[in-house]
Amino acid sequence: MKDRIDLLKSSFEEKLLSAGGKDDLEAIRIEYLGKKGHVASLMAGLRDAADKKTAGMLINIFKNEVEGAITKRQEELRQAELEAKIRSAKKYNPSLRFERELGSYHPITLATREVEEAFRTMGFTIEDYSEVVTDYECFESLNIPKHHPARDMQDTYYLDNGQLLKTQTSAAQNAIMKKYGAPLRAIFPGRCFRNESTDACHENTFFQMEGMMIDEDISISNLIYFMKTMLSEVFKRDIKVRLRPGFFPFVEPGFELDISCLICGGEGCPSCKGEGWLELCPCGMIHPNVLREGGIDTDKYTGFAFGLGLTRLAMMKYGIKDIRDFNSGDLKALSQFKSI
Ligand code: DAH
């Protein structure tokens, strides 16, 4: 029996050494410890052995050795596999450079900030206002009663509760007058909505920058001065402005403020249709009804207001031809502003 076991032992050791992986080990285990394996057949031969007790002991020792050796080899193989994995894994390299796509500010954000900065230095506060407003805020407080024809220009989106998406930043005028009283200098940029069919010049969603200055002895000269200064800051050159009469129920008198064409400087070119002027900002002296509605003493104070088309300004400043590019989410169009 001992010789048989010794023979099996040496063949087992050889096989174990050459086992390259888990599958080889399993095959060896079955060959030696399986139901029909060598250890089982040794046991079967025990019946005829002369010295059953010693032979049985030897078989048991052999069986334990085989089991122990297989478990040990299993562990060694597992360890080696792990080390190989770690070795082949990419190491952290702090000097590696990753190309990362950086985002960019939206051109409207850039234009807003420039206008805000120009007005801030002239003592204006910057106000934020809700996009959902009441009929009173958007129209009635602005001297536009129900059924006034001026409402036709500003069809918008109504909520079930009667509120609406503001059509103009002027909708904040009343609340801001009530909040601060006079004297007051404020600008309030905002997103506006109108029920419009869209084309290169019209969008249902666009931005305006409203401004108001209320104090004693405010006149149109103040309005012209502030607008000219702000526009020269934003466009980084001297901008000529002119006023034409315009009608808006909340100002009297009301104007359209034009700026000298940015392309030809006023000579006349295709961009300004040969006029030399571009329409930019409706404005006027705040109507006494609107001042009164805001709680301002009209015997003492007057004021101007303007509703700068921020989207239009951004189109002019950055040479954007189609207003729909702003809301398109088209990164090819918008990412051009990365370096600005
Ligand atoms: N809210 C007007 C509009 O969207 C623009 C406007 C005109 C604003 C005259 C003003 C103003 O503040 O004085 O059509």
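Trainee: How many helices and how many strands are there in the protein?

Mentor: This is a predicted model. Both kinds of element are present in the protein. The count is eleven helices and nine strands.

Trainee: Why is the protein described as more spread out than a compact globule?

Mentor: Start with the span of the C-alpha trace: about 130 × 50 × 35 Å along the principal axes. For 340 residues the globule rule gives 20 Å. The protein is well over that, so it is more spread out than a compact globule: its radius of gyration is 43 Å.

Trainee: Which element gives the largest share of the largest nonpolar core?

Mentor: This core has 47 residues. Phe119, Met230, Leu231, Ile259 and Leu313 touch the most other members. Elements giving two or more residues include helix 5 (107-120), strand 7 (251-260) and helix 10 (310-318). The largest share is seven residues, and it comes from helix 8.

Trainee: Which residues does Ile259 touch, leaving out those up to four places away in sequence?

Mentor: Ile259 is one of the core residues that touch the most other members. Contact here means heavy atoms within 4.5 Å. The residues touched are Leu231, Phe235, Ile239, Lys240, Val241, Gly276, Trp277, Leu278, Leu280 and Met316.

Trainee: How many residues are in the second, separate core?

Mentor: Cys138, Ala150, Phe250 and Tyr301 are among its members. This core is separate, and its size is 25 residues.

Trainee: How far apart do the centres of the positive and negative side chains lie?

Mentor: The protein has 46 positive side chains and 51 negative ones.

Note on methods: Residues are numbered from 1 along each chain as its sequence is written. This is a predicted model: local features need pLDDT of at least 70, side-chain atom pairs count only at pLDDT 80 or more; totals for chains, interfaces and linings use all residues. Side-chain values use heavy atoms; hydrogens and water are left out. Helices (H or I, at least four residues) and strands (E, at least two) are DSSP runs, numbered from the N terminus. The radius of gyration is taken over C-alpha atoms; the globule rule is 2.2 Å times the number of residues to the power 0.38. Lys and Arg count as positive and Asp and Glu as negative; His and the chain ends are not counted. The place of a charge is taken as NZ of Lys, CZ of Arg, CG of Asp or CD of Glu. A nonpolar core is a set of buried Ala, Val, Leu, Ile, Met, Phe, Trp, Tyr and Cys residues joined through side-chain atoms within 4.5 Å. Buried means under 20% relative accessible area, exposed over 50%, partly exposed in between (1.4 Å probe, protein chains only).
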